[in-house]
Amino acid sequence: MTTNLTNNKLAERDFKRLSQFISSECGIKVPPSKRTMIESRLQRRLRTLSMGDYKEYCDYLFSLKGMEIEMPHLLDAVTTNTTHFFREPKHFDYLYDNVLPDWFERFGPSKELVVWSAGCSSGEEPYTLAMVLTEFAEHNPGFSFVVVATDINNQVLEKAQLAIYPEDKVSQIPPLLRRKYLLRSKNKANKVVRVIPELRSKVRFRRLNFMGEFGFREPLDIIFCRNVMIYFDRPVQENLLRKFINHLHPKGYIFIGHSESLSGMDLGLKQSAPTIYQKAG
Ligand SMILES: C[S@@+](CC[C@H](N)C(=O)[O-])C[C@H]1O[C@@H](n2cnc3c(N)ncnc32)[C@H](O)[C@@H]1O
């Protein structure tokens with residue numbers, strides 16, 4: 001068995017079965033233009049499994065054993081997980097200045113606010129949310145919240161739960177919040193920070209594939225699903241949004257990424273600000 005992959009190419013038939021499988025399993029579209037990207041992302045899996053070519057890999061993946069053992073690794077390999085703290089910062093301003101006061105006026109201390117970071121990647125988005133919500137709680141006694149954070153990718157979820165980040169990845173966090181919510185490593189040579197335990201305890205991580213059941217028992221107040229749907233086809237996006245809306249409280253909010261759009265979809269949502277939508281009351 002050889003591990004020299006230099007001349008190894010993904011055959012048309014294998015690319016087709018992989019791309020169909022990926023889009024039916026997790027919604028991610030894989031057009032022919034993504035073939036080289038898929039090849040390069042799967043190279044590490046081939047190396048790990050000591051497999052000589054993509055055909056061997058596909059035959060294994062599509063076997064009974066492969067479907068069980070290899071499928072989660074395939075999904076880890078094909079998802080794109082780019083993220084950072086305070087990404088698209090206007091969302092967090094709007095949340096703090098408009099959504100939270102409106103919500104707290106309606107519910108007061110009688111209810112815990114539930115926010116879902118849907119497609120949370122390595123945790124930067126849910127921890128940003130937890131910082132903003134904690135700040136709001138400090139100025140509004142009686143306000144309480146929980147952030148539910150989910151992703152399909154096991155590797156990013158492990159990182160998210162560890163909550164350790166390189167120092168140069170936290171520069172977008174305002175300095176005051178950085179000092180309040182992050183701990184530096186005691187070892188000065190180790191240039192990493194960790195989210196403080198009090199903030200970590202406000203975020204609950206779990207694996208969730210949008211293509212399956214969500215499994216929430218209670219309706220949610222706010223959903224952040226940003227920079228996820230751009231990887232899906234329009235009908236998949238629309239289906240997913242309908243599922244989100246079914247799980248949302250009346251007057252609940254959905255935040256989507258700035259490069260995503262709901263135009264042309266008849267979802268019964270009211271636009272509150274660019275890329276921020278509210279369900280009818
Ligand atoms: C580009 S990241 C966005 C992270 C964060 N929301 C942000 O805006 O910075 C997209 C995330 O969606 C996740 N994802 C892709 N397909 C998914 C699916 N079918 N179910 C759940 N999560 C999925 C990926 O694993 C990835 O971590």
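Trainee: In the hairpin of β9 and β10, which residue takes a positive phi near 60°?

Mentor: That's T275, and the hairpin has two residues between its strands. This is a predicted model, where local features need pLDDT of at least 70, side-chain atom pairs count only at pLDDT 80 or more, and totals for chains, interfaces and linings use all residues. Residues are numbered from 1 along each chain as its sequence is written, and side-chain values use heavy atoms, with hydrogens and water left out.

Trainee: What holds strands together, and over how many bridges do β9 and β10 pair?

Mentor: In general, strands of a sheet pair through backbone hydrogen bonds, either parallel or antiparallel. Strands here are DSSP runs of E with at least two residues, numbered from the N terminus, and two of them pair if DSSP finds at least two bridges between them. Strand β9 (residues 269-273) pairs with β10 over four bridges in the antiparallel sense. One example is A273, whose bridge partner in β10 is I276.

Trainee: Which strand do three bridges join to β10?

Mentor: Strand β8 (residues 248-256), which runs antiparallel to β10 (residues 276-279). Across that pairing, I254 stands opposite Y277, and Y253 stands opposite Q278.

Trainee: What is the strand order of the open sheet of seven strands?

Mentor: Read it as β6-β2-β1-β7-β8-β10-β9, with mixed pairing. The edge strands, each pairing on one side only, are β6 (203-207) and β9. Neighbours in this sheet are turned by 20° against each other on average, direction ignored. For angles like this, axes are lines fitted to C-alpha atoms, and the values run from 0 to 180 degrees between N-to-C directions.

Trainee: And what is the order in the open sheet of three strands?

Mentor: That one goes β3-β5-β4, and its pairing is antiparallel. Its edges are β3 (164-166) and β4 (182-184), while the twist averages 35° from one strand to the next. Three bridges join β3 to β5 (residues 192-195), and I164 stands opposite R194 in β5.

Trainee: Now the ligand: how many residues surround it?

Mentor: Count a residue as near if one of its heavy atoms lies within 4 Å of the molecule. By that rule 21 residues surround the ligand, and the closest are C26, T83, R87, D151 and N227.

Trainee: Which polar side-chain atom lies 2.6 Å from an oxygen atom of the ligand?

Mentor: One belonging to T83. A polar contact is a pair of N or O atoms within 3.5 Å. Polar backbone atoms take part too: one of C26 is 2.8 Å from a ligand nitrogen, and one of F210 is 3.0 Å from a nitrogen atom of the ligand.

Trainee: How much of the ligand does the protein bury?

Mentor: Accessible areas come from the Shrake-Rupley method with a 1.4 Å probe. Taken alone the ligand exposes 600 Å², and the protein buries 99% of that.

How values were computed: A polar contact is a pair of N or O atoms within 3.5 Å; within protein, one must be able to donate a hydrogen and the other to accept it, and residues adjacent in sequence count only if both atoms are side-chain atoms.
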